[in-house]
Amino acid sequence: MAPPSTASGYFQESYDLRIAELAEERAQGKTIVGTFCLYVPDEIIFAAGADRIVLCGGRADTIAPAEQMLPRNICPLIKSSFGAILDSRAGGTASCPHVRLVDAVVAEATCDGKKKMYELLPEYVPTYVIDLPQKPGSPEAAAYFLAELRKFGKFMEDLTGNRIRPGDLQREIASANETRKLLHRLFARRKRDPPPIRGSEILRIMQRQFFLSPDRFRTGLRQLCEELDHASTPARTGPRILIAGCPMAAGNTKVADILEQKGAAIVVEESCTGTRAFWDLVDESTDPWTALAERYLRIPCACMTPNDDRIARILDLAKEYTVDGVVYYTLQFCHAYNIERLRVQKALKKEKIPMLAIESDYGDADAEQIGIRIDAFLEMVS
Ligand code: BJ8
């Protein structure tokens, strides 16, 4: 079979091969863990000789099985993720193909809905929860998180039977930093006017980041950067938009797709499927455990309080990417991002940057209404 000639073909092929690759690794005795959040450092998992796959659900079809147990009024990402596990363990057909490949789940104490969902998981899959300080700026937070990461490292050692040596961790930190630098390179190209690539395409690539092996993901990124440097300039598109808010997990591209159908140019995302995933690097010149604790605590998630760094970052990105407006995206019933919206809105207003708030789920029932609101917003910022 001829190798794919485009980066998008390469990402697709890598994704298609990934399930077989993980099954093969497992057959060879490698441990595979599933994760749900950026606060779980991949570096520790890889340094223990395990592989990982992110299990955040973005699909609507796994919500129904979840709603048989969970309340309906919680965020769709939680329901979709839990539903995939339930369905998979029951041998159902709506299940995500990745769930049955994991030996354990590594969860994290972030929002209330996730924490309580994680308490149900051990019935279906071995589950380990990393605790997080809720006030990352407090003087005790870094030491506490460092202790949590060391405990997590011990858990991974016991799970895999491999020892994590400082050199293993340093190697994985360098590898993850290389990926982060490549993503910076890719996102820098989106500062051009017009941007050389659609935001929905970037979103699908960012979603794949959580499935592919780091090596294959980086190969795809390098190829894509090359392609963008040699591509002809696209015709001028509509207003430049920053999307800020909740992650759009694989399967969920609704709002990005509608924005582009309506003519917007999405140029950057402040989310866990955007800049939040890679913006800060890990310091390679110091003790690797401490460097990881410091870097991961800097992730500006709305589950943390106060979360001023997130507001500052949104303003910085809006200026750096010369945006005409911000679409603040919240998953339905995500209180953390929904309430934080008020502070973001105030800060943007002060800078005279228009903002549209959209709260949505994984269904299509509100697509038309979202389209009408986006039309009006784009007209206003044009
Ligand atoms: S670091 S955003 S991945 S916690 S959308 S489940 S917060 S109710 S996904 Fe998240 Fe880690 Fe933060 Fe990122 Fe809860 Fe909100 Fe649902 Fe969320």
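Arg313 and Asp280 are both buried, and in this predicted model their side chains meet in a salt bridge, 3.1 Å from N to O. Look at where the two partners sit: Arg313 is in helix H12 (residues 308-320), while Asp280 is in the loop between strand E6 (265-270) and helix H11 (288-297), so the contact ties together parts that are 33 residues apart in sequence.

Now move to Asp366, which pairs with Lys254 in another salt bridge, with the closest N and O atoms 2.7 Å apart. Asp366 lies in the loop between strand E8 (355-360) and helix H14 (367-381), and Lys254 belongs to helix H10 (residues 254-261), so this pair links parts that are 112 residues apart in sequence. Are these two buried or exposed? The cut-off for buried is under 20% relative accessible area. Asp366 comes in at 17% relative accessibility, so Asp366 counts as buried. Lys254 has 12%, so Lys254 counts as buried as well.

Next, find Arg180 and Glu43. They form a salt bridge too, and their closest N and O atoms are 3.0 Å apart. Arg180 is part of helix H7 (residues 166-189) and Glu43 is part of helix H2 (residues 42-47), so here the parts being tied together are 137 residues apart in sequence. Arg180 is buried, and Glu43 is buried too.

How many salt bridges turn up in the whole structure? The search finds 39.

Notes: Residues are numbered from 1 along each chain as its sequence is written. This is a predicted model: local features need pLDDT of at least 70, side-chain atom pairs count only at pLDDT 80 or more; totals for chains, interfaces and linings use all residues. Side-chain values use heavy atoms; hydrogens and water are left out. A salt bridge is a side-chain nitrogen of Lys or Arg within 4 Å of a carboxyl oxygen of Asp or Glu. Helices (H or I, at least four residues) and strands (E, at least two) are DSSP runs, numbered from the N terminus. Buried means under 20% relative accessible area, exposed over 50%, partly exposed in between (1.4 Å probe, protein chains only).
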